[in-house]
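Here is a short report on a two-chain model. Please look through the sequence and the structure before reading on.

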Amino acid sequence: MSTAEDGRRPKRIALYVVLVAMAAFYLTPILTGLMTSITSPESYTGQSPYLPPLEPLLPGTGSFSLQPWTTALGELGRGLANSFILVIPATVFSGLFGSMAAFGLTNVDWRGQVGIYATLIAGIFIPYQAVLVPLTQFWYNVVPLQSLFAPLTVLPFVHEYHWKLVALIVTHTAYGIPICTLLFRAHYKKLSDEMIEAARLDGASVATIYRRIVLPLSIPMFAVVFIYQFTQIWNDLLFALTIIQFGDAAVVTQELVGIGVSQSGTNFPLRMAAALLAALPTLVVYVLFGDKFAEGVTA
Amino acid sequence: MRELIARVRDRWSDSDVRTDGGEAASTRSLLDRDSVRSAPFWLPAVLLVGLFVYGAVLWNFVLSLTDFTGIGEPDYSSLDLENYFVAFADPVDGFLSMFGLGGEVQGGTPAWSSLTVDPVWNSLGNTIVLMVVFAAACLVLGLLLAILVDREIRFENTFRTIYLLPMSLSFVVTAKFWLYMYNPQTGLINIALGVVGIGPIGIVQNPDLKLGAVAFALIWQFSGYAMIVYLAALRGIPSSHFEAARVDGASTIKMYWRVIIPQLRTATVSALVVITVFALKAFDFLFSMYGGYQPGPSADILATRMVREAYANQNWAYGSTIAVILFVMALCIVGPYIYSQYKRGDL
């Protein structure tokens, strides 16, 4: 071993110590929550919430129980179902519209498209607050969506309160289009002009070019966009709070706010189990497709 | 190559001279324009965004000029700027109060209320403090992490995944985790403080610590984002720049300070824009942390104030007014950014 390497060695060790310490910083709140969530509420003392509940092996840590998770599932069940009813169509529609808009504004070349595109993507940064009151007015007083929706309740699995989820799906679709368009445009700029031009000379219409050439080449981008939109819409509280407001259509983030608090104090195991349960779908997506998520957020 | 693409573009563009000519050509070519033929693709998106985003923003501005409160329909017959005068009432003392100076700030009594309505100075001040502290800390921490991760480490993917993990969580969820961390009896922060002989402190309810506690939790959630942006930028710097600085005998710190960090300007600006806009949106976090619309005056930001005025107090018009202020703030941050992107041809 050379002296140069000897000199570098303590530095490398210090580097890894810092990296591991930072990893601990990011993971501790989540792991502490996980350990607490699998403690039976009766035996929970909170003396060392970061340790696994291994009584009687580790005294004072409480005993292992999945009861907080089953209680949380009972309390959040409907909210989780509503969130899925909301998130899946809103993700698919915003992705699809975003892809189509990006194609129409990138691969077909015409004057004025940059202006439209700039206006479209500025929408990414508009705070939700700027549209809340009009949206509440729109969905409750202008569009009689509730009565329009009523005949659909004869269908199986459709309930009257689902109209609020429809309103929320449309809202999230509209608000998701700007970021989806941005993500797809970055991808479509890289597509080869020659290939599209060749198809065009063969007499292919704009629609055919999109369906046959662009769409199949966008599949990796759809994965990025869907993962990003799924996370965003699942995690949102504000639109749900102001458009659904309350009642049977409440989504999981709304239900989570008030969980685990009662007259007798805070039930931390239940609250942590509920928080993790509400986060589970996005956590699973993140763990499975972390790279695609990173690609989405940095675009 | 570039010429070829330009020629291809030309053939695609509106100015394309069609060979069919004749009388019918003018109407035909109008329908045949690429802007029209591609309309089925971009028009649905433009209509949806136009109606639900920009239409709603305009409508919100009109609402801010009304006296709309309580239940019922807004009355658009008399529009005035009264709400803005209430929002920015007592400008001198109000402005100074954002920096902890000046005298007592007086509210105003608008036509739609029999009570005194507070101006926005307090929540505006908190918003700016939160934005600056949160953005600066995220960028610094993100940059340091990116530099560490960029040093050819092992398990790079694992570290990156862990650092970005909190960003995949909902504000509502992270607020629950941090409420638990800050808890005076069983919270890890207080347990740690107890080891060094401080505490326990009720961090979340303490007016002096509240905003710091919120900022800290938000830094935890979003610094990973800054790291990812910086890491991508660092990877884009040719390794010859690193080597040239090495050969010159510059120390590592000097090399980063003099050679590398100046090249990260674009990354810093784009991360900064995104992160400040996140701070404007921190409503979800505060709502979840404080279990409702009342975070208390020392943690009240414009985002919470707006929703509280509109949805808890039903002062819809005043809520819309605060929303316009938020919108203008976002515009001031984003407008120049998008314009500079456009100028550089990056759009």
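In this predicted model, the largest nonpolar core holds 188 residues. Those with the most contacts inside this core come from both chains: Ala101(A) and Ala274(A), then Ala45(B), Val214(B), Ala226(B), Tyr230(B) and Leu326(B). Helix α11(B) gives the most to the core, with 18 residues. Domain 1 (1–65) and domain 2 (76–298) of chain A both contribute residues, so the core lies between them.

Take Tyr230(B), one of the residues with the most contacts inside the core. Leaving aside residues up to four places away in sequence, Tyr230(B) touches Gly142(B), Leu143(B) and Ala146(B), and also Leu264(B) and Ala267(B).

**The end of chain A**

Helix α13 of chain A covers residues 290–298. Which of its residues are buried? They are Phe293(A), Ala294(A), Glu295(A), Gly296(A) and Val297(A). The buried residues of α13(A) pack against helices of both chains. In chain A the partners are α6 (162–188), α9 (219–235) and α12 (268–288). In chain B they are α8 (156–164) and α11 (210–236).

**Two domains in chain A**

Eight residues of domain 1 are in contact with eight residues of domain 2. The domain 1 side of this contact has three nonpolar, five polar and no charged residues.

**Where the chains meet**

Between the chains, 82 residues of chain B are in contact with 81 residues of chain A. Helix α4 (residues 39–64) of chain B supplies the largest share of the chain B side, 14 residues. The table divides that side by class.

| Class, chain B side touching chain A | Count |
|---|---|
| Nonpolar | 58 residues |
| Polar | 14 residues |

**The fold of chain B**

Chain B has 17 helices and zero strands. Its radius of gyration is 26 Å, well over the 20 Å that the globule rule gives for 347 residues, so chain B is more spread out than a compact globule. Along its principal axes, the C-alpha trace of chain B spans about 85 × 70 × 35 Å. Buried residues make up 42% of the 347 residues in chain B. Of the contacts in chain B between residues at least 6 apart in sequence, 62% join residues at least 24 apart.

Definitions and conventions: Residues are numbered from 1 along each chain as its sequence is written. Chains are lettered from A and ligands numbered from 1 in the order in which they are written. This is a predicted model: local features need pLDDT of at least 70, side-chain atom pairs count only at pLDDT 80 or more; totals for chains, interfaces and linings use all residues. Two residues are in contact if their C-beta atoms, placed from the backbone, lie within 7 Å. Helices (H or I, at least four residues) and strands (E, at least two) are DSSP runs, numbered from the N terminus. Ala, Val, Leu, Ile, Met, Phe, Trp, Tyr, Cys and Pro count as nonpolar, Asp, Glu, Lys and Arg as charged, and the others, Gly among them, as polar. The radius of gyration is taken over C-alpha atoms; the globule rule is 2.2 Å times the number of residues to the power 0.38. A residue is buried if 20 or more other C-beta atoms lie within 10 Å of its own, exposed if 12 or fewer, and partly exposed in between; C-beta atoms are placed from the backbone. A nonpolar core is a set of buried Ala, Val, Leu, Ile, Met, Phe, Trp, Tyr and Cys residues joined through C-beta atoms within 7 Å. Domain bounds come from an automatic or database domain assignment.
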